[in-house]
Amino acid sequence: MKHVTLPCGETVAALGQGTWRIGDDPARRREEIDCLRRGIDLGLTLIDTAEMYGDGLSEALVGEAIEGRRDEVFIVSKVYPHNASRRSMQASCDNSLKRLRVEAIDLYLLHWPGNVPLAETVEAFETLRRAGKIRHWGVSNLDTALMRELHDVPAGPAVQTDQVLYNLGRRGIEWDLLPWLHQRHIPVMAYSPLEEGRLLRHRGLVQFAKSHGMTPAQVAIAWLLARDGVIAIPKTGSRERLGDNALALEHPLTMGQVQELDALFPPPKGPVPLEMI
Ligand code: NDP
């Protein structure tokens, strides 16, 4: 497994597991739990969830999946922007901890920017950290301007990641956000690395994958893994597709392949507003 170092010095798996829409369908529950456990076996030990996902169903399913394996995993969860205040964050975090059945969340993120001032959110994160309820904190969906603002508030530089939309077809962050984060050794957590599955039907990607003996999902993931300071969190509830995704680790892209993909999916030629799903 490739690892990525967080600013705090801890290392995490560069390939993790997303869990949006997991736990929504009771008929798929067993398979989804089995899949997350199998993912841990394969080294995909970073698991991303949020209080928003299925209104807590995703966190509850993750809690069940990691039972007896707490020490093997690195749990990332997220707080709604409207709960990211001095008043509400504590209760949100307590509820997430209960659903996840853990004593502490490894990395707790602001899900997207809202109306609560960033300084207040950071203060609330730091209070939880001192209480031992979260080990680290970070953000999601913050553009470069907001990252600068965050970095300037007291304790702002303790941010550990910015989780953003990033995949072959969404390279806007390479213009300014990614370099800004790299300079500060803050890794990016790439969400929707398969564009929710849509990227896998891209004709150029399908042809590229076929000609290099890979699947489109393996190419999309291997492309992210080829970049420094990037953590990818694809979601799947299927054991078969999990195996497909994990094989990306065994297909590191060559410089030539990366250049070929640049021609198919060009990097940005100027600033692009941060995109969100
Ligand atoms: P992904 O890009 O990970 O795509 C997931 C979709 O692709 C699912 O429908 C899955 O279906 C399918 N899929 C997975 N692997 C394969 C494969 N090998 N072949 C074919 N299809 C495949 O989308 P997500 O939006 O789920 O993003 C990943 C994670 O990022 C989320 O689960 C969540 O944890 C996080 N996220 C964070 C956001 C934020 O605002 N911070 C926003 C969006 C996502 P199936 O399950 O049936 O295999």
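Predicted model: local features only at pLDDT ≥ 70, side-chain atom pairs only at ≥ 80, totals over all residues.

Residues are numbered from 1 along each chain as its sequence is written.

**The sheet**

- Eight strands form an open sheet with parallel pairing, in the order S3-S4-S5-S6-S7-S8-S9-S10. Strands (E, at least two residues) and helices (H or I, at least four residues) are DSSP runs, numbered from the N terminus, and two strands pair if DSSP finds at least two bridges between them.
- At the edges are strand S3 (17–18) and strand S10 (230–232), each of which pairs on one side only.
- Strand S7 (residues 134–140) runs parallel to strand S8 (residues 162–165), and two bridges join them. Look for Ser 140, which stands opposite Gln 163 in S8.
- As background, strands of a sheet pair through backbone hydrogen bonds, either parallel or antiparallel.

**Around the ligand**

- The ligand has 27 residues around it, and Gly 18, Trp 20, Gly 197, Ala 217 and Lys 235 come nearest. A residue is near a molecule if its C-beta atom, placed from the backbone, lies within 6 Å of it.
- This shell has nine nonpolar, 12 polar and six charged residues. Here Ala, Val, Leu, Ile, Met, Phe, Trp, Tyr, Cys and Pro count as nonpolar, Asp, Glu, Lys and Arg as charged, and the others, Gly among them, as polar.
- Helix H9 (residues 239–246) gives the most to the shell, with three residues.

**Helix H9**

- Which residues of H9 are buried? They are Leu 242, Asn 245 and Ala 246. Buried means that 20 or more other C-beta atoms lie within 10 Å of a residue's own, exposed means 12 or fewer, and partly exposed is in between, with C-beta atoms placed from the backbone.
- Seen down the axis of H9, the buried residues fall within an arc of 95 degrees, so they line one face of the helix. The arc is that of the directions from the helix axis to the C-beta atoms.
- The buried residues of H9 pack against helix H1 (29–41) and helix H8 (216–225), where contact means C-beta atoms, placed from the backbone, within 7 Å.

**Two loop residues with positive phi**

- His 185 is not a glycine, but its phi is positive, near 60 degrees. His 185 sits in the loop between helix H6 (177–183) and strand S9 (188–191).
- Is His 185 buried or exposed? His 185 is exposed, because 11 other C-beta atoms lie within 10 Å.
- Glu 196 also has a positive phi, of about 60 degrees, without being a glycine. Glu 196 lies in the loop between S9 and helix H7 (203–211).
- Glu 196 has 14 other C-beta atoms within 10 Å, so Glu 196 is partly exposed.

How values were computed: Contact = placed C-beta atoms within 7 Å.
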